[in-house]
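Please keep the sequence and the three-dimensional view at hand while reading.

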Amino acid sequence: MPAFRPRHLCALAAAVALTVTAPATAGAADAAALREVLFVGNNWDGTADVLKSTGDLAKIGRINVIPDKDARMAEINADPIKWIYFMAIRNGVGEGHDQFVDDMYTTPDGASVVVSRPSFADVVSINLSTGAINWRFPVSGYRSDHMAVSPDGTRVAVSASTSNTVHVLDINTGKQLGKFTTGDKPHENIFTKDGKYIYNMAIGDVNTDTDAPWLDWTKGDRHITVVDATTYQQVKIIDMRPKLDAIGLTDYSDAVRPAVFSPDESKLYFQVSFFNGFFEYDLATDTITRTKTLPKNPATSDDRTTFVNDSRHHGISMSPDGTKLCVAGTMDDYATVVNRTTLQEGPLVTASKPYWATVSGDGKLCVVSESGTDQVTAIDFATGQKTVSVPVGDHPQRVRLGHVATNWTSPAS
């Protein structure tokens, strides 16, 4: 069995942004004239705000990620099955709203941003200068979800939720390079540091009300699928169910949600459905080594059916030196920095339904998206204290590092 070398997702995005050399393509931005930024996907708006990647996170601009909305809606309205799924997304995981942007990564040359759009079941590349769509890839099934970018920046992997498939695309052309089968409802994707493997986390059915522990079996087949990133053949399955059972946590969900790997790629820190906390998993011994339970908000109901898409906590990142974790306590309305050695949490920073956690370009800040108040908030890894909040669009979720031209301005609407 090959040695698997996972890495944490936020450092992956930063590494891509800092190390990939721009290809010599006509019209591509000069790599030396690029600036690092943060892209914030406003899921219900269908926009992405572009912010400074450090310091005060000042807003630089905004792009429309659904310039083809009329054409997509015409297709959906003409197809009864597509319309049923579109409405199911709106009334289920969308909490009464359409999901127009889930994930996004810029191309290495900073000329375009590639976006997954759940309600339109596709991935598109948008020209950052003109706002026009370069290419569109409809995923299999009826919903697209989380993505990951390869270390060299040339490929994106996207989860197709309803078909239990991950598609791997050429980031510049949108051509499918391969695909693989996953567990039920693929979610998070992570490339390993060397680009040889892809990890996919399947979370099962999160929009049902069969949330009691004794009904957990109704949620589907949830596991981590590891595939060869060249052949896209499965090489390993990691099932957390027996590992949780082995430490007496039989009532805990095995649906791995956001996850982050240690810098030496030996440990995985992951969240699961319904749980206010996270686990540490050792890859070499294939065991859960530590459990961290974080405080509950007294104002938060313990009724699992009230948790958004089964998420009590959703969002975890790690400081580049590996000493601190940052956790988004989604339903408990806070974010906190946790010492990785002691697992002691710092101040509970008030945040309204924080839905994601990433790392600033200089590695000093944890940036969380507050989907409840339409802003992103930065927390200092060193002190655990909030430094700034910046207003963004409607229901921010994923936040990713990327590149734009140094003199970039928002394209005309």
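The structure described here is a predicted model.

## The sheet from β12 to β15

Four strands form an open sheet in the order β12-β13-β14-β15, and their pairing is antiparallel. The edge positions are taken by β12 (186-191) and β15 (234-238); each has a single partner strand, so one side of each is left without a neighbour in the sheet. From one strand to the next, the twist averages 20°.

Within this sheet, strand β13 (residues 197-202) pairs with strand β14 (residues 224-228) in the antiparallel sense, and five bridges join them. In general, the strands of a sheet pair through backbone hydrogen bonds, either parallel or antiparallel.

## The sheet from β16 to β19

A further open sheet of four strands has the order β16-β17-β18-β19, again with antiparallel pairing. Its edge strands are β16 (256-261) and β19 (287-293), each of which pairs on one side only. Neighbouring strands of this sheet are turned against each other by 25° on average, direction ignored.

Strand β17 (residues 267-272) and strand β18 (residues 277-282) are paired in the antiparallel sense over four bridges. Here Tyr269 has Glu280 in β18 as its bridge partner.

Val158 lies in strand β9 (residues 155-160). Its relative accessible area is 0%, and the residue is therefore buried, the cut-off for that term being under 20%.

Leaving aside residues up to four places away in sequence, the residues that Val158 touches include Ser116, Val123, Val139, His146, Met147, Val166 and Asn189. Also among them are Ser144, Asp145, Thr165 and His167. As for Ser129, which stands 29 residues from Val158 along the chain, the C-alpha atoms of the two residues are separated by 24 Å.

## Helix α3

Helix α3 (residues 80-91) has 12 residues. The distance from its first C-alpha to its last is 16 Å, close to the 16 Å expected at 1.5 Å a residue.

Phe86, Met87 and Ile89 are buried in α3. These residues cover an arc of only 155° around the axis, which puts them on the same side of α3. An α-helix has 3.6 residues a turn, so residues three or four places apart point the same way. The cover over the buried residues of α3 includes α2 (69-77). On the face of α3 turned away from its buried side are the exposed residues Pro80 and Asn91.

## The disulfide

A search of the whole structure finds one disulfide. It is formed by Cys326 and Cys366, whose sulfur atoms are 2.1 Å apart. The two cysteines link distant parts of the chain, 40 residues apart: Cys326 belongs to strand β21 (residues 324-329) and Cys366 to strand β25 (residues 365-370).

The torsion about the S-S bond of Cys326 and Cys366 is about -75°, and the disulfide is therefore left-handed. Both Cys326 and Cys366 are buried. A disulfide is, in general, a covalent bond between the sulfur atoms of two cysteines.

Technical notes: Residues are numbered from 1 along each chain as its sequence is written. This is a predicted model: local features need pLDDT of at least 70, side-chain atom pairs count only at pLDDT 80 or more; totals for chains, interfaces and linings use all residues. Side-chain values use heavy atoms; hydrogens and water are left out. Two strands pair if DSSP finds at least two bridges between them. Axes are lines fitted to C-alpha atoms, for helices over the stretch in contact, and angles run from 0 to 180 degrees between N-to-C directions. Buried means under 20% relative accessible area, exposed over 50%, partly exposed in between (1.4 Å probe, protein chains only). Contact means heavy atoms within 4.5 Å. A disulfide is a pair of cysteine sulfur atoms within 2.5 Å. The expected span of a helix is 1.5 Å times one less than its number of residues. The arc is that of the directions from the helix axis to the C-beta atoms.
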